[in-house]
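Q: Could we go through this structure together, starting with the ligand?

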Amino acid sequence: MIKHIEIARLLKGDNEQLMGTSIEVKGWVRTKRGNKHVAFIALNDGSTINNLQVVADVERFDDELLKRITTGACLHVTGKLVASQGSGQSVEVQAEQIEIYGEASPEDYPLQKKGHTPEFLRSIAHMRPRTNTYGAILRLRHHMAFAIHKYYNDHGFFYLHTPLITSSDAEGAGDMFHVTTLDLNHLPMTEEGKVDYEQDFFGKHTNLTVSGQLEGELGALSLGKIYTFGPTFRAENSNTPRHLAEFWMIEPEMAFYELEDNMDLAEDFLKYLIKYAIDNCEDDLKFMNDMWDKELLDRLHFVLEHPFIRLPYTEAIDILQKSGQKFEFPVYWGVDLQSEHERYLVEKHFKCPVILIDYPAEIKAFYMKQNDDGKTVRAMDVLFPKIGEIIGGSQREENYDKLMKAITDRNIHMKDMWWYLDTRRWGTAPHSGFGLGFERLMLFITGMSNIRDVIPFPRTPKNAEF
Ligand code: ATP
Ligand code: MN
């Protein structure tokens, strides 16, 4: 039986019946201060950003024990819950017994002091969840993950589990991690001098998935509305603050949705998540706002209160070209927009989230629905302040012949993709979907500026230590 009480519950305020009784709390020491007579220990158990004040009468406790209570140590405290004398907290605990579970020697405990940089904390990613900042980020991450499932469940979507190991490399094999059990030092070769994947575990060449979309479409075209929420992998060697090699993606896919419906869903979904954070994570958001990004709360409210601008790519190019702004990368019709372009539109021109649609076919994937102009496709990218692209999606091409043509135009190997084409062969239907990068969302929600800081164990080029 767990007897101790979580600090979040104690500080919530509805604990009338506990006042004056003896309770047990457990957690890690954030700070200890005091004088000859009394020690004040700020205890945090991870359940909330807020600490519980433990007051220890120096006379009651062994000197040696009190000395071993230092920042980072883990304690089990039994004591009386009383209204706090000091300001800053509603209740405190008057310690009757203190047991030290684990010490943290001030000489080498790396989080002895406050105010470390994110860079330093990344180098001790195994310990950083113990800091206020990462505690807040990880709690926010949990609440967002929960809200995502809640949103889709409440809206009649089914959670579809798509595979992480795939044999399709249609989205660009260059960016994929290979999955193999072959001995890399003694590779079996075919007569043509190529690696003989028939001898590999799956009897064919396989990769880690870059997206669950193609399988998601199978789900949508049978269950109506599905979503996936799982890890995806991209071996892109781009060391940016917005890319991870392993990240989580949410991919709803809906039968009978056209591009307009897809945009409506994306906007409603993002606003729901932002509102959920504001309504349920007040303390952690306020902490992030005060410590890391003074405009965070304003930005969240702003996005919540304004309709997203919806704009064709062609018009965006026009705006960028007429902007008079100096960009590092040139702007012309057909260019794949860079983050600097996206952020100019959102932060400078419209000062509002933007959904760009109808991109040139050449810069988008083969499965996007072709417009009648023969040049553009029904793509949509949602662009956010501070982030750039947060969502990428489209209406899908449901016509078998047009899809086949897009595939042959791009020289894509479709021998492993017959199953995808079969959805268009039998009972095809208009359908749409998109992918939200979970860590891009977390950047927006937390106000952090490096994606390595919103996932517990970041995987980036040359980094998979912890
Ligand atoms: P970008 O142009 O920003 O590299 P993308 O167009 O390659 O992204 P999509 O294939 O459209 O990305 O993936 C859908 C979403 O997944 C993106 O809108 C983004 O939120 C997220 N995403 C894509 N690549 C990464 C990555 N390497 N790390 C984290 N999130 C990513
Ligand atoms: Mn994209």
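A: Ligand 1 takes up the space of the largest pocket, where a molecule sits in a pocket if more than half of its atoms lie within 2 Å of its grid points. A pocket is, on a 1 Å grid over the protein atoms alone, an open set with protein on both sides within 12 Å along at least five of seven lines. This is a predicted model, in which local features need pLDDT of at least 70 and side-chain atom pairs count only at pLDDT 80 or more, while totals for chains, interfaces and linings use all residues. Residues are numbered from 1 along each chain as its sequence is written, chains are lettered from A and ligands numbered from 1 in the order in which they are written, and side-chain values use heavy atoms, with hydrogens and water left out.

Q: Which residues come nearest to ligand 1?

A: Of the 15 residues around ligand 1, the nearest are Glu236, His243, Leu244, Glu389 and Ile390, counting a residue as near if one of its heavy atoms lies within 4 Å.

Q: And which strand gives the largest share of the shell?

A: Strand 15 does, with 4 residues; strands are DSSP runs (E, at least two residues), numbered from the N terminus.

Q: What about Arg234, how far is its side chain from ligand 1?

A: An N or O atom in the side chain of Arg234 is 3.0 Å from an oxygen atom of ligand 1, and a polar contact is a pair of N or O atoms within 3.5 Å. For Gly437, a backbone N or O atom lies 3.2 Å from an oxygen atom of ligand 1.

Key:
Polar contact = N/O pair within 3.5 Å; in protein donor to acceptor, adjacent residues only side chain to side chain. 1 Å grid on protein atoms, 1.4 Å probe; cavity = no way out; pocket = protein on both sides within 12 Å on 5 of 7 lines; lining within 4 Å.
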